[in-house]
Amino acid sequence: MDEQALLGLNPNADASYQQRALAYFEQLKESPDAWQVCAESLAKGLYSDDHVKFFCFQVLEHQIKFRHGALSAAQQQLFRETLMKWLQTQMMNSQPEKAFIRNKAAQVFALTFVAEYLTQWPKFFFDILSLIGLNPRGVDLYLRMLMAIDAEVVDRDIHHSSEARPTFKETRRNTLIKDTMREQCIPSLVESWYRILHTYQHTHSELTCQCLEVVGAYVSWIDLSLIANDRFVNLLLSHMSVEVLREEACDCLFEIVNKGMDPVDKTKLVESLCQVLQSAGFFNVEQEDDVDFVAKFSKLVNGMGQSLITSWTKLAKAGDMKNSQETLRALETKVPLMLQLLVHEDDDISANIVGFCYDYLHVLKQLPLLTDHQKANVEAIMLAVMKKLTYDDEYNFENEGEDEAMFVEYRKQLKLLLDRLAQVSPELLLEAVRRVFTSTMHWQTAPFMEVEVAIRLLYMLGEALPASQGAHFSGDGAKASALQDMMRMLVTCGVSEYQHTSVTLEFFETVVRYDKFFIVEPQHIPNVLMAFLDHRGLRHSSPKVRSRVAYLFSRYVKTLHKHMNAFIEDILSQLQDLLDLSPPENGYPPLLTSDDQLFVFETVGVLIVNSEYTAQRKQALMRNLLDPLMGTFKLLLGKLLLEQDEERQSALADCLNHAVGFASRTSKAFSNKQTVKQCGCSEVYLDCLQTFLPALSCPVQKEVLRSGVRTFLHRMIICLEEEVLPFIPSASEHMLKDCEAKDLQEFIPLINQITAKFKGQVSPFLQQVFMPLVQAIFEVLARPAEENDQTAALEKQMLRRSYFGFIQTITGSGMNEVMGSQGVENIEQVLFTIIQGAVDFPDPIAQKTCFIILSKLVELWGGKDGLVGFPDFIYKHIVPACFLTPLKPTFDLSDAQTVLTLSECALTLKMIHLKRGPEFIHYLQQEYLPSLQVSPDIIQELCQVLQQPDSKVLKSYLKAFFQRAKL
């Protein structure tokens, strides 16, 4: 071997050596006999360097994976013998190999097994077991091999081929291997496991744990009676009492319990396991300090509980009353243990049993009547859930990390339990929550976690006890009055003053969840408004609370604005300073971020627009809101034009963008019932437009500024309607100057929106802007890009799609004059790009759009009085496109999007036939299809289908036609 190249295998070697080692590896992989050199150096122990040994196994791995079939029978025999020789030397070495080498060796053995077990090496396991006996080094490698074989042949979590999923051939091979193993060697393997466990349980815990892992992995597909028998199970249960083995033993028993089997037998198996575990004292969970073990034990109990539930379901479905009753009795006896684990102070232990608990509640839901004992269980689960929902002292609200994220996830699981409890017994849940809530709302002396969870439970009832569109306060009298009592208590007991962010947030979340309560009892609105507006809400010391409250306040106002007329002026004056645009040089951090301010602007907009004020008053209030924005905007735009520092430019541009965004957001308050015109606010927004549009010609920070103004224009097209039209030409002119692909891609939807909304009204403008826009697109698409620049390629693809979308909007809006007035050369240029889009670019989304355009153009211009020269274009270009596109190798007829393209292609042919009639059929029969070497009968058949009225028949026929043509 190239000793110099091998030096590069060391992770600390310099880059040139590492490059050489990589090149050498590639060379050895391709060499037909390099594997022999590697195999021999491993068998003879020629190298002591771990990296070289690992490297040799990598070469062997490549050989067995990709070149094994090329070896002669003698070479394959040599491969096997060398591996066995290496295994033999391992048993005699003074020191075992490092774990990463043993794992790689086990993988090579496993790959060899997969390749040869069914043909050349049926005695694989017999040979290995004969060689290793009970030698601990040999046993270690044997167990690693078994896990590697499981990964290759069985493990559903591992994707085997480079295509991610096992191929049909691999799946069939794996099934054959498992069937052959079951017939020939599984009993011997199970016997070897028993001997290993028995021999090493007291002396070699690592090997015993490895072996338990193997048993757990294989039990899912071998005959369970080989494992689930007294001899084996007693051995596993004895391991449950050995501290270093019990976690693995627990996992192993879990796999046994999880194995699919006859429901009666499963019940017996679980019951016998439980009896032994209970008599050995494992059910006394609270006396056990080792939380890692209890977490595993909880998972085992969860498996046993869910297995009994599966058995009960099967027996009940089959009508076997006697056995289903027995299984239900067995299930009920596990509930006390389940409750102990559910309420355990360690959340992982509790989370592991939630599945059993959830399924048990589902069983109770199906029973016609609950016994007192079962009702008591439901109540106990309810209390456990309420207790476990509570935050602990260590939860860090200011800096939430991984532990906090895990608790949030765990809370979601508990919420599912609460929802299920509500399905089993809604009255019981409502009463329990009411009890907890009422006792906790004397909050002055209660710890925050109790107050938070009490309000949280009230909040959760909203989903647990569903009501259509949040109508919790009508209909079911008992429920409505209980919720109403709790909500009244929430908003009158002063708990919003509680000094903890979690309680504050929960208060506001709950007020907004039950906003319909305030329609029933509007007298509480002023107090809640005060809470939103003062130190408890928008002026809270925590930015997290302020931010969330800004959003919640906007929701609250949207629901209840009709009840707020009396307070509008007051609310606006309280919000005044929160609406200030914070220039970057200000130096003071604002109370709200710009994202939070968006919600506040929208809220103010909703209050003004939906108020009972006159249009004149609404206009004045809206002007008070937007004039300061416009003033600051003009000031900052002037500063930006003079600013040289790039960082300051960026900060100023962001600030300008926020101003435009805020103005945009206020316009969301208008509706069909309350339009900008009716509210007398058109003039204010037109002033905004005049203020913001000059930013489009700003030479710096173009992307940010254009994006903001573009969004504002989208809003104004909806709100101001035709009043916006005078501003569009100059805005478009600015946006088309020195633009990038992304600019154009975002500008085109604006033009499409104008076209779709105003149609004929904007025809003159569209005729004027059409070619400049098209030329700008062509210019950007023609720019050279790096060959491997994926981002640029994607941007161009998206721009191409936007361009075709634009042409589709123009042709689909019935304004043929827009394209028709562009002059012959320009029209030709555009038409050719559409043909090119349909044929040359393998993008089915764009191709589909191109065929829709072509079909529309044939409809507009393909008749007798159409565009001069267009029929010629149909025969020379459109018809060939309809046949050449589906014949392309990239046109994948198994892809749904491509099939949609083919449908549009079929509709284009139908449209040509509709417009050109028999002339088209004659052209296909006599000229075009013969030129493609299509046989006369197929030509005849295709032309007949084309003349049928139902286009579905043509679509199906074309799919089959092109599938045949591609064979």
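# Briefing on a predicted helical model

Gln 701 is found in the loop between H31 and helix H32, the latter covering residues 702-719. Residues are numbered from 1 along each chain as its sequence is written.

- Most residues other than glycine have a negative phi.
- Against that background, Gln 701 has a phi near 55 degrees, which is a positive value in a residue other than glycine.
- Gln 701 has a relative accessible area of 21%, and because the range for partly exposed begins where buried, under 20%, ends, this residue is counted as partly exposed.
- Glu 721 also has a positive phi, of about 55 degrees, although it is not a glycine, and its place is in the loop between H32 and helix H33, which covers residues 728-735.
- With a relative accessible area of 34%, Glu 721 is partly exposed.

**The cavity and its lining**

- The structure holds one cavity of 30 Å³ or more, and about 30 Å³ of space lies in the largest cavity.
- The residues that line the largest cavity are Ala 39, Leu 42, Phe 57, Leu 60, Thr 82, Leu 83 and Trp 86, and the elements that give two or more residues to this lining are helix H3 (34-43), helix H4 (50-67) and helix H5 (73-92).
- Of the elements in the lining, H5 gives the most, with three residues.
- Sorted by class, the lining has six nonpolar residues, one polar residue and no charged residues.

**Leu 83, one of the lining residues**

- Leu 83, which is among the residues lining the largest cavity, has its place in helix H5.
- Leu 83 counts as buried because its relative accessibility is 3%, which falls under the 20% cut-off.
- Not counting residues up to four places away in sequence, Leu 83 touches Leu 60, Val 108, Phe 109 and Thr 112; of these, Leu 60 is also listed in the cavity lining.
- Leu 83 and Val 704 are 621 residues apart in sequence, and their C-alpha atoms are 64 Å apart in space.

- The buried residues of H18 are Gln 374, Asn 377, Val 378, Ile 381, Met 382, Ala 384, Val 385, Met 386 and Lys 388.
- An α-helix has 3.6 residues a turn, so residues three or four places apart point the same way.
- The buried residues of H18 pack against helix H16 (321-342), helix H17 (347-366), helix H19 (402-424), helix H20 (426-440) and helix H21 (448-464).

**Two buried residues with polar side-chain contacts**

- Lys 334 is found in helix H16, and at 6% relative accessibility this lysine counts as buried.
- A polar atom of the side chain of Lys 334 lies 2.9 Å from the backbone oxygen of Ala 330.
- Lys 334 also touches Glu 271, Cys 274, Leu 308 and Phe 356, when residues up to four places away in sequence are not counted.
- Thr 691 has its place in helix H31, which covers residues 682-692, and with a relative accessible area of 7% this threonine is buried.
- A polar atom of the side chain of Thr 691 lies 2.7 Å from the backbone oxygen of Asp 687.
- Leaving aside neighbours within four places in sequence, Thr 691 is in contact with Met 630, Phe 633 and Lys 634.

**Separation in sequence and in space**

- Gln 619 is found in helix H29, residues 615-642, and this glutamine and Leu 637 are 18 residues apart in sequence and 26 Å apart in space, C-alpha to C-alpha.
- Gln 619 touches Cys 679, Gly 680, Cys 681, Glu 683 and Val 684, not counting residues up to four places away in sequence.
- Ala 782 has its place in helix H35, residues 763-782, and is exposed, with a relative accessible area of 61%.
- Ala 782 and Lys 796 are 14 residues apart in sequence, while their C-alpha atoms are 9.5 Å apart in space.

Methods
This is a predicted model: local features need pLDDT of at least 70, side-chain atom pairs count only at pLDDT 80 or more; totals for chains, interfaces and linings use all residues. Side-chain values use heavy atoms; hydrogens and water are left out. Helices (H or I, at least four residues) and strands (E, at least two) are DSSP runs, numbered from the N terminus. Buried means under 20% relative accessible area, exposed over 50%, partly exposed in between (1.4 Å probe, protein chains only). A polar contact is a pair of N or O atoms within 3.5 Å; within protein, one must be able to donate a hydrogen and the other to accept it, and residues adjacent in sequence count only if both atoms are side-chain atoms. Contact means heavy atoms within 4.5 Å. On a 1 Å grid over the protein atoms alone, a cavity is a set of points where a 1.4 Å probe fits but cannot get out, and a pocket is an open set with protein on both sides within 12 Å along at least five of seven lines; lining residues have an atom within 4 Å of a point. Grid points are joined across faces, edges and corners, and a volume is the space filled by probe spheres set on the points. Ala, Val, Leu, Ile, Met, Phe, Trp, Tyr, Cys and Pro count as nonpolar, Asp, Glu, Lys and Arg as charged, and the others, Gly among them, as polar.
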